[in-house]
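Here are a few friendly notes to read alongside the structure. Take them one at a time, with the model open beside you.

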Number of protein chains: 2
Amino acid sequence: MSDLKPPSFVSAQMVADRAGVSRSAVSRTFTDGASVSEATRRKVLEAADALGYHVNHLARGLRERSNIVCLVVADMTTPIRARMVDVLTRKLQASGKITMVINTETDTESVSAALRQTLNYRADATVVLSGTPPASLIETCLANGQQVILINRDERLQGSSNLGVDNAMAGREALFLLRRAGCERLGLITSNAHTASLVEREKVFVAAAAAEGVQVVVTEAGPTSYESGQEAARRVFGRSEAPDGVFCVTDLLALGFMDVARQDFGLKIPDDLCVVGFDDIEQAGWASYQLTTFRQPLNPMADEVVDLLLQPQRAVSERRMIEPIPVWRRSVRPGKH
Amino acid sequence: MSDLKPPSFVSAQMVADRAGVSRSAVSRTFTDGASVSEATRRKVLEAADALGYHVNHLARGLRERSNIVCLVVADMTTPIRARMVDVLTRKLQASGKITMVINTETDTESVSAALRQTLNYRADATVVLSGTPPASLIETCLANGQQVILINRDERLQGSSNLGVDNAMAGREALFLLRRAGCERLGLITSNAHTASLVEREKVFVAAAAAEGVQVVVTEAGPTSYESGQEAARRVFGRSEAPDGVFCVTDLLALGFMDVARQDFGLKIPDDLCVVGFDDIEQAGWASYQLTTFRQPLNPMADEVVDLLLQPQRAVSERRMIEPIPVWRRSVRPGKH
DNA sequence: ATAGCGATTGCACACAAGTGCATTTTTTCG
DNA sequence: CGAAAAAATGCACTTGTGTGCAATCGCTAT
């Protein structure tokens, strides 16, 4: 009773001993397509079950691929990021991968550290959702046979697989929707994050407006969040000439903007003010908001990621672009026909 | 130029060869407190840098602890879960652990599969946020030296460390708030998930009301979500005797409930109807809702988890209870003094 | 100069798996 | 029944680490 050895994982050797076979037999039992007789197989499985044996995937990963995929992500509480992580972990799991999440800041140093962790754990691939890693580190990953997949990141990094939504299309379409609704004084709300995606949406929107001879008042608030949207609205409607149509580069910004516009400035949406967002987070569809926005097609994006993982040779660096899906709700007046 | 060998990870041996030292020297260079002269150390670091060497944590995990912690979670898109995952990954990382996320359904079979994966990857510990694993499997984990930490789960499982918020307190306090606001006809909205936490909040609320001689109409909607809250509101206000004070066992339910109550039934909150939620998700604080609710103290909970990991002997099964923090907002009338 | 001593270093093993190859065992077929 | 083919098995090596142990190196003190 007194010999309490510290509990530890049971190895294939122990199973072999108990079943009265060689360790190879145990290994073969748990390897698809290996040659084991039904008799020994049964003995092994029985012993394994009795001892609570589980194949050590770390040891397996020593020889071949580890089946580990790292997800580098910041701002995980953001609804859109949470959904991305959810969808990706789901799909990766379904294709036999396991996900390691590295929760990082967006600054380069944090992302670099994250990427190095990724190498430490011999991940088959790293999927970067936030921040932009330095090119040299990406090269190191590639040199080590690790795939790097960047989602909605700056596309100038060579060697990595790039994947993102068509921000330009959203910018153009946002303008079209607001103009069709009869908006004359346009505004654009963005954050101080200056992500490539955000910047592109902004640029294209402003350019498209300029092409129609319409000016856009650009307001830059704090980080990408509900509160920043509120702050932006207070600034925008505190000025003399208030807009009657606004494109917020993110749903979260849009929702904060809407709340302040309605509650603090008494505006009716869409009668006095039309709002367009981007992402189609769950809350955009809530009854209080009914925000017209662009859905990031997360499932197709995740499918694409899995596809890239399974066929690494496809990963030759040109950027795969996915069309966002316009979602018409009530925050924009319908066009008159 | 033509010998393009497939890229693969660089090992300590390669570094040793390049630096002209033994592999042990390389290993010691990257091990704290090991004995290496400054000269070889420099040579090794230089070679490692040139080759892009990174210690293989999987191989390291073969001998000692893996530093891997598995997070078993369902419904990751739910704001409260997203925050939990965020906080946990952050804190675990800060204490030198890496997080594997297993995204599962809540049914026992899925959770079991997840737990087995956990064993396959030799995780030091498994943290279960959703679903309830069978006791036998928990025993297997423990027998293999793996800690099991259940958060907000049913507390009857022995051997595991249990950790959760004080649901009873929330139930009592919710009743107190609604009664103080002068509510006479009480309602409780719950989902069909029947989690131990949800059930306890419900039971205590109903019991506390009974103790005051007040009846509670309990409405059970679909899964725990905004839509279920909407559905519940339609049912509740379609009936003859509508409540003037409602406790929703979850913020998401509460927000859906509020939207329908206001927009479809023209009720004013808190004048015609008081609402109390639970979780304090970000949206509960948004201007459109201003929901009075109970905050789950996620940071202290995560600290507790990390604490349990670092001092495994403390993990002796009694349930650690954390007080939720009441957050007073405008969805409940203040009491009259 | 040489013994003594502490700091380095390398060998060899352990960790837990998968697998090529040679060796048995079983099955099949003449 | 016996030979050939097929299937099953075990040995030994591989993967990349960390580390105990013994050997070596460099330095100091006698």
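1. Which residues does Phe257(B) touch, not counting residues up to four places away in sequence? They are Ile189(B), Gly229(B), Gln230(B), Ala232(B), Ala233(B), Val236(B), Phe237(B), Val246(B), Cys248(B) and Leu273(B). Contact here means heavy atoms within 4.5 Å.

2. Before you go on, please note that this is a predicted model: local features need pLDDT of at least 70, side-chain atom pairs count only at pLDDT 80 or more, and totals for chains, interfaces and linings use all residues. Residues are numbered from 1 along each chain as its sequence is written, chains are lettered from A in the order in which they are written, and side-chain values use heavy atoms, leaving out hydrogens and water.

3. Phe257(B) also belongs to the largest nonpolar core, which has 149 residues. With Ile151(A), Phe257(A) and Ile151(B), Phe257(B) is among those with the most contacts inside that core. A nonpolar core is a set of buried Ala, Val, Leu, Ile, Met, Phe, Trp, Tyr and Cys residues joined through side-chain atoms within 4.5 Å, and buried means under 20% relative accessible area with a 1.4 Å probe, protein chains only. A second, separate core of 36 residues includes Leu137(B) and Ile138(B).

4. Now look at helix H7 (residues 135-143) of chain A, where Leu137(A), Ile138(A) and Cys141(A) are buried. These three cover an arc of only 105° around the axis, so they sit on the same side of H7(A). The buried residues of H7(A) pack against helix H6 (108-120) and strand S4 (147-151) of chain A. Helices (H or I, at least four residues) and strands (E, at least two) are DSSP runs, numbered from the N terminus.

5. Chain A has an open sheet of four strands in the order S7-S6-S8-S9, with parallel pairing. Its edge strands, S7 (216-220) and S9 (274-276) of chain A, each pair on one side only. Two strands pair if DSSP finds at least two bridges between them; S6 (residues 186-190) and S7 of chain A have five. There, Thr190(A) stands opposite Glu220(A).

6. How do the two copies relate? A rotation of 180° with 0.0 Å of shift along its axis superposes chain B on chain A, with an RMSD of 0.1 Å. The copies are thus related as by a two-fold rotation axis. Superposition is by least squares on the C-alpha atoms of residues with pLDDT of at least 70 in both.

How values were computed:
Buried < 20%, exposed > 50% of the residue type's maximum accessible area, 1.4 Å probe, protein only. Arc of directions from axis to C-beta.
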